[in-house]
Amino acid sequence: MGKYRIAACPRQLEDWQYAAQVSIASGSGSASTDRVMRFHNEFPTHAAAAHYAIAQGIDWVRETTRPH
C-alpha cells in the first residue's frame, strides 16, 4: 500500500484458535523500519485472523498518512 508493505502473520494458539499479527514495513536497507502489531482477539481460523490483521494494518497506514 504505497510505500508500505503489509503482511499478516497469524499464529496458532494452544487452544487451536488463532491470534492476529500484522507486520508493516517501509524503506529499504539501513533506512528500513518494521512495525509489528499483535492483537488480543482470537479467531477460529487462520484466514479469519489474517483478514483481521490486514484490515488493521491498512487502517494504521491510512491514519498515519492522512493529512491532519
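Apart from residues up to four places away in sequence, Phe39 is in contact with Ala20, Gln21, Val22, Tyr52, Ala53 and Gln56. In this predicted model, Phe39 is part of strand S4, which comprises residues 33-43. The residue is classed as buried because its relative accessibility is 17%, the cut-off being under 20%. Val22, one of the residues touched by Phe39, is 17 residues away along the chain, and the C-alpha atoms of the two are separated by 8.8 Å.

Helix H1 covers residues 46-65, and its end C-alpha atoms are 29 Å apart, in agreement with the 28 Å that its 20 residues should span at 1.5 Å a residue. Its buried residues are Ala49, Ala50, Ala53, Gly57 and Val61. Viewed down the helix axis, these residues fall within an arc of 105° and therefore line one face of H1. The buried residues pack against strands S1 (4-8), S3 (18-26) and S4, whereas Ala47 and His51, on the other side of the helix, are exposed.

The C-alpha trace spans about 40 × 30 × 15 Å along its principal axes. Of the 68 residues, 28% count as buried. Among contacts between residues at least 6 apart in sequence, 42% join residues at least 24 apart. The accessible surface amounts to about 4,800 Å², with 52% belonging to carbon and sulfur atoms. The chain carries 7 positive and 6 negative side chains, and the centres of these two sets lie 12 Å apart.

Conventions. Residues are numbered from 1 along each chain as its sequence is written. This is a predicted model: local features need pLDDT of at least 70, side-chain atom pairs count only at pLDDT 80 or more; totals for chains, interfaces and linings use all residues. Side-chain values use heavy atoms; hydrogens and water are left out. Helices (H or I, at least four residues) and strands (E, at least two) are DSSP runs, numbered from the N terminus. Buried means under 20% relative accessible area, exposed over 50%, partly exposed in between (1.4 Å probe, protein chains only). Contact means heavy atoms within 4.5 Å. The expected span of a helix is 1.5 Å times one less than its number of residues. The arc is that of the directions from the helix axis to the C-beta atoms. Accessible areas come from the Shrake-Rupley method with a 1.4 Å probe; for residues, only the protein chains shown count as cover. Lys and Arg count as positive and Asp and Glu as negative; His and the chain ends are not counted. The place of a charge is taken as NZ of Lys, CZ of Arg, CG of Asp or CD of Glu.
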